[in-house]
Amino acid sequence: MSLSIYGQQLQSRLLIGSALYPSPQVMKQAILASGSQVVTLSLKRQNPAQQSGQKIWQYIQEVVQQVDGHLLPNTAGCKTAAEAITLAKMSREIFNTQWLKLEVIGDDYNLQPDPIELLKAAELLINDGFKVLPYCTDDLVLCQRLYDLGCEVIMPWASPIGTGKGLMNPYNLETIRLRLPEATLILDAGIGKPSDACLAMEMGYDGVLLNSAIALADNPTAMAQAFSLALQAGEQGYVAGVMAERQTAHPSTPTLETPFWHNS
């Protein structure tokens, strides 16, 4: 099944970052191996006035075109709504896209989003025509407010950015999925290994966005492929329907002359 982001149908449910790789060449190999059609890019981390910054942007754009994908500029590093909005408008002008991964960081230690500034920026950007994909914590009320504002895609974290701790609060994430059945939910940040991504998909999440887990792996290209397979396995498991947990043991070997399970 395809992933829909603001009406765009994508074959891959994996969104991938473009930072932290050992080299641009390794980044390209990882993106191609992942099968991802959405690649994030930060303006805050590069200086558009410098030729090196423009070159890496151009390189990323060429890779995205090669996979018939979409560029997802982000506002990483912004700490206020005003700063994020300014950067968003720059990204729209430079990359000619309304898509935006909205980040407004409220704490330098754990890079937790500022919910107040995030809501403020999201509302203003949506009114300005942006297709906002907000990065937020696993707070149900915040996710609900963002969805009510018009964010069709919500991206709660699994754990703080770059920690690799995986799904720290599965209950919160499951609750968000249950309470926002119509929203496109993409797990963003904190994923460490393919099994984390698989678990998110088994919960019914629509996709996973990650960077560090692939870029900082010993072999980023192989890890990108592993994540691609993990998402496929998790999605198929969710669609197939995971068996209900039980409090007591049940024999898997049937008793004599009852080869199939009976509910009676």
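Is Cys 143 buried or exposed? Select Cys 143 in this predicted model: its relative accessibility is 0%, so Cys 143 counts as buried.

A disulfide would need the two sulfur atoms within 2.5 Å. Next, select Cys 151, which is buried with a relative accessible area of 0%. The closest cysteine sulfur to that of Cys 151 is in Cys 136, at 8.9 Å, too far for a bond.

**Helix H9.** Select residues 220-240, the 21 residues of H9. At 1.5 Å a residue the helix should span 30 Å, and its end C-alpha atoms are 30 Å apart, which agrees. Colour the buried residues, among them Pro 220, Phe 227, Leu 231 and Glu 235. Viewed down the axis of H9, the buried residues fall within an arc of 165°, so they line one face of the helix. On the other side, Leu 229, Gln 236 and Ala 240 are exposed. Now show what covers the buried residues, including helix H1 (24-34), helix H7 (194-202) and strand S10 (207-210). Just after H9, stop at Gly 241, where phi is positive, about 95°.

Val 208 is one of four residues, with Ile 5, Leu 102 and Leu 187, that touch the most other members of the largest nonpolar core, a set of 73 residues. To finish, select helix H3 (residues 81-95), which supplies the largest share of this core, six residues.

Methods. Residues are numbered from 1 along each chain as its sequence is written. This is a predicted model: local features need pLDDT of at least 70, side-chain atom pairs count only at pLDDT 80 or more; totals for chains, interfaces and linings use all residues. Side-chain values use heavy atoms; hydrogens and water are left out. Helices (H or I, at least four residues) and strands (E, at least two) are DSSP runs, numbered from the N terminus. The expected span of a helix is 1.5 Å times one less than its number of residues. Buried means under 20% relative accessible area, exposed over 50%, partly exposed in between (1.4 Å probe, protein chains only). The arc is that of the directions from the helix axis to the C-beta atoms. Contact means heavy atoms within 4.5 Å. A nonpolar core is a set of buried Ala, Val, Leu, Ile, Met, Phe, Trp, Tyr and Cys residues joined through side-chain atoms within 4.5 Å.
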